[in-house]
Amino acid sequence: MKRLVLAAGAVLLLGSGAAGCGGGDEPAASPQRTETPAAAPAAPVATEAAQTFGTGCAGVPSTAGGFAGMAAAPVVAAVSGSPELNSFATVVKKAGMVETLDSAPEITVFAPSNAAWAALPQADLDDGMALTGILLNLIVEGRQGPDELASGALETLGGGELKVSGADGAYKVADATIVCGNIRTGNATVHVIDKVLLPAEE
C-alpha cells in the first residue's frame with residue numbers, strides 16, 4: 001500500500017531547419033527553393049509510422065491523425081480515441097490517474113489491448129486501488145524502445161520488475177506479447193500488449 005502511494009507520487013515528481021533565401025540575381029532558382037521546404041512536413045509523419053512495429057498496429061490509431069496525431073498529445077489523451085486502447089484510457093480514468101500520466105515526462109506505458117482488459121475479472125476492474133496497482137505495474141520511467149526491450153528487466157513505478165526479451169519487431173514483456181510497439185505520444189512511448197500484467201502479490 002505504502003509502495004503504491006509512494007510510486008504514484010513518484011510519477012507526479014518525475015522531471016519535467018529553415019531554408020535559406022537566394023540572391024535577387026537568380027529568379028529562376030527561387031521557385032525550386034520554395035518547393036523544397038513545402039514538401040518537408042510530410043517526412044516526420046512517415047518516419048513516425050515507420051518506427052512502430054507489430055502485427056496489431058493497423059487497428060491502433062484513430063482514423064483522425066493516425067500515429068502522427070497521437071504523437072502530438074499526452075499519453076491518455078492520445079490513446080483515448082484508439083479502437084484498441086480506449087479500455088486502457090477508461091481504466092486510467094477510473095483509477096483517477098489521468099493527470100498523473102499526462103503530466104509525467106518521458107515514461108513508457110505497456111498498455112493492454114481492449115481484449116486483454118476484457119479477460120480481467122470484473123471485480124478487479126471495479127476496485128480503484130487494485131487498478132492503481134495494476135497501472136503502476138505497467139509503467140516504467142524513460143522512453144524504452146526496441147533496443148531496451150531486447151533483453152533484461154525494467155523496474156516499474158510500482159516497484160516491481162518486468163522481464164523483456166526479443167528482436168526484429170517480436171518482443172515479450174513478462175508473459176505478454178507486444179502486438180504494436182514504439183508508439184510515440186507527447187510524453188510517452190506506448191507498447192500495446194495482449195495481456196494485463198498483474199503486480200506480484202506480497
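User: What is the phi of Ala-174, in the turn of the hairpin formed by β5 and β6?
Analyst: This is a predicted model, in which local features need pLDDT of at least 70, side-chain atom pairs count only at pLDDT 80 or more, and totals for chains, interfaces and linings use all residues. Residues are numbered from 1 along each chain as its sequence is written, and side-chain values use heavy atoms, with hydrogens and water left out. Two residues lie between β5 and β6. The phi of Ala-174 is positive, about 55°.

User: Which residue in β6 stands opposite Val-173?
Analyst: Strands here are DSSP runs of E of at least two residues, and helices are runs of H or I of at least four, numbered from the N terminus. Strands pair if DSSP finds at least two bridges between them; β5 (residues 170-173) and β6 have two, in the antiparallel sense. Opposite Val-173 stands Ala-176.

User: Which residue in β7 is the bridge partner of Cys-180?
Analyst: β6 and β7 run antiparallel and are joined by four bridges. A hairpin of three residues connects them. The partner of Cys-180 is Val-192.

User: Is Thr-185 buried or exposed?
Analyst: Thr-185 is found in the loop between β6 (176-184) and β7 (188-193). Its contacts (heavy atoms within 4.5 Å), leaving aside neighbours within four places in sequence, include Met-70, Pro-74, Arg-143 and Val-190. Buried means under 20% relative accessible area, exposed over 50%, partly exposed in between (1.4 Å probe, protein chains only). At a relative accessible area of 3%, Thr-185 is therefore buried.
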